[in-house]
Amino acid sequence: HAAMGNYENALGAFDVALMIDPVYGKAMLGKALTLKNLQRLPEAIQVLDSILDLYDNENCKRLRLEVIELMSESGVSLPARELRLVTLVMVYHLFLN
């Protein structure tokens, strides 16, 4: 579903998979990516945080940073922890340029 751009159906399929196995990592990551694509960014962060509580997953960490950047760019309010991270990344980029 998600590969064809049908994000709402994909989200439903991931939710069904997670009802069967609430810690199925691939379904959790698929749900987070689908939520990102639907611009439901705070929900995507919640799912990504749940994944990171269970697994040490590099793809999840990268996706989480992408979602935080999107939230920052679109003006969606960020929790304090993310605000500090965005500030650090921005300062880092200033020093590189």
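These legends go with close-up views of a predicted model.

**View 1. Helix α2 alongside helix α4.** Here we look at α2, residues 25-37, next to α4, which covers residues 58-74. Two packed helices are described by the angle between their axes and the distance between the axes. For this pair, the axes come within 11 Å and cross at roughly 20°. That makes α2 roughly parallel to α4, since angles under 35 degrees count that way. The crossing is left-handed. On the α2 side, the touching residues are Leu29, Ala32, Leu33 and Lys36. Across from them, α4 brings in Asn59, Cys60, Leu63, Glu66, Val67 and Leu70. Sorted by class, this contact has seven nonpolar, one polar and two charged residues.

**View 2. A closer look at Lys36.** Is Lys36 buried or exposed? Its relative accessible area is 14%, so it counts as buried, the limit being under 20%. What does its side chain meet? There is a polar contact of 3.4 Å between the side chains of Lys36 and Glu66. Leaving aside residues up to four places away in sequence, Lys36 touches Leu41, Ala44, Leu63, Glu66, Val67 and Leu70. Among these, Leu63, Glu66, Val67 and Leu70 also belong to the α4 side of the contact in View 1.

**View 3. Helix α1 against helix α2.** Next comes another partner of α2: helix α1, residues 7-20. The two pack at an angle of about 155°, and their axes are 9 Å apart. An angle over 145 degrees counts as roughly antiparallel, so that is how α1 and α2 lie relative to each other. Their crossing is left-handed. From α1, the contact takes in Tyr7, Ala10, Leu11, Phe14, Asp15, Ala17 and Leu18. From α2 come Ala27, Met28, Gly30, Lys31, Thr34, Leu35 and Asn37. By class, that works out as nine nonpolar, three polar and two charged residues.

View 4. Finally, we step off the helix to Gln39, found in the loop between α2 and α3, the latter being residues 41-54. What is the phi of Gln39? It is positive, about 65°, although Gln39 is not a glycine. And is Gln39 buried or exposed? With a relative accessibility of 51%, Gln39 counts as exposed, because the cut-off is over 50%.

How values were computed
Residues numbered from 1 in each chain as written. Predicted model: local features only at pLDDT ≥ 70, side-chain atom pairs only at ≥ 80, totals over all residues. Heavy atoms only, no water. Helix = DSSP H or I, 4+ residues; strand = E, 2+ residues; numbered from the N terminus. Buried < 20%, exposed > 50% of the residue type's maximum accessible area, 1.4 Å probe, protein only. Polar contact = N/O pair within 3.5 Å; in protein donor to acceptor, adjacent residues only side chain to side chain. Contact = heavy atoms within 4.5 Å. Axes fitted to C-alpha atoms, helices over the stretch in contact; angles between N-to-C directions. Parallel < 35°, antiparallel > 145°, perpendicular 65-115°, else oblique. Left-handed = near helix turned anticlockwise from the far one by under 90°. Nonpolar A, V, L, I, M, F, W, Y, C, P; charged D, E, K, R; others polar.
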